[in-house]
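Here are some notes for a colleague who is opening this structure for the first time. Please keep the sequence and the model side by side while reading.

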Amino acid sequence: SKGRVEVLRNGVWGTVCDNDWDISDATVVCRQLGYSHAFSAPGRATYGQGTGPIVMNDVQCRGDEAKLHDCSSMFEQNSNCGHHLDASVSCATIRLRGEHATHSKGRVEVLRNGVWGTVCDNNWDINDATVACRQLGYSHALSAPRRAIYGEGTGPILMNDVECRGSEAQLQNCSFRISHCSHHEDASVSCAKIRLRGENATDSKGRVEVLRNGVWGTVCDDDWDINDAAVVCRQL
């Protein structure tokens, strides 16, 4: 789920230069690899320097592209780039799946030892759901549905009796057991599609960003007033 990014071009594997590399570019890579989104977009050869050609530079993705090759980029070795600038990604090891699932709601699935599996809803509550939502890039959870509300998953059930305080960075950091459960007890989340970001932002103040068609964006301040802000705050 994390490492140096390499792409195939004309039968040869090569690296990606980190010029203009950001979370939108990393998210496209992670989705192409089967993950929901990226946690971070490390540069400066965080996972070691590659070898061979540097096949992409100045990558500029919107964030909704299906493949990295669909993004704007320079497909050539650039004199301003070397392998000490190889780009990397760290992808989320959690995703939402199921009937009528969207980017912000669905059956919770986690990755363990390279295998995706579901979470049992025993003791599943809003604290657990909030940790899952934050891990997915949202500010908090609106609800913590149980009983496979988005349909039953398949494969292993990897977590049971999850008990989060609500402040953990990842669901896997919470207390849990691996014990008998059935897919009719698969846990789900519904996450808030609004968040606060920016320099010195906190849980209660910051730049407003909203999710639309799977892409986060900002809100223009034309006609923005206290009534608008009050709606946002209630939604948070």
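How many of the ten residues of helix α2 (residues 126-135) are buried?

1. In this predicted model, seven of the ten residues of helix α2 are buried, so that the helix is mostly covered. The buried residues are Asp128, Ala129, Thr130, Val131, Ala132, Cys133 and Gln135, and what covers them includes the strands β4 (38-40), β8 (94-97), β11 (141-143), β12 (157-163) and β14 (188-191).

2. Both ends of α2 deserve a look. At its start, a side-chain oxygen of Asp125 comes to within 3.1 Å of the backbone nitrogen of Asn127, while just after the helix Gly137 adopts a positive phi of about 100°.

3. Two aromatic pairs are found in a search of the whole structure. Tyr35 is buried, with a relative accessible area of 14%, and Trp116 is buried at 18%.

4. Tyr138 and Trp216 also form a tilted pair, 5.6 Å centre to centre with 55° between the planes, and here Tyr138, in the loop between α2 and β11, is 78 residues apart from Trp216 in strand β17 (residues 215-218). Tyr138 counts as buried because its relative accessibility is 5%, whereas Trp216, at 22%, counts as partly exposed. The charged end of Arg195 sits over the ring of Trp216, 4.0 Å from its centre.

Technical notes
Residues numbered from 1 in each chain as written. Predicted model: local features only at pLDDT ≥ 70, side-chain atom pairs only at ≥ 80, totals over all residues. Heavy atoms only, no water. Buried < 20%, exposed > 50% of the residue type's maximum accessible area, 1.4 Å probe, protein only. Helix = DSSP H or I, 4+ residues; strand = E, 2+ residues; numbered from the N terminus. Contact = heavy atoms within 4.5 Å. Polar contact = N/O pair within 3.5 Å; in protein donor to acceptor, adjacent residues only side chain to side chain. Phe/Tyr/Trp six-rings, centres within 6.5 Å; stacked < 30°, edge-to-face > 60°. Lys NZ or Arg CZ within 6 Å of the ring centre and 35° of its normal.
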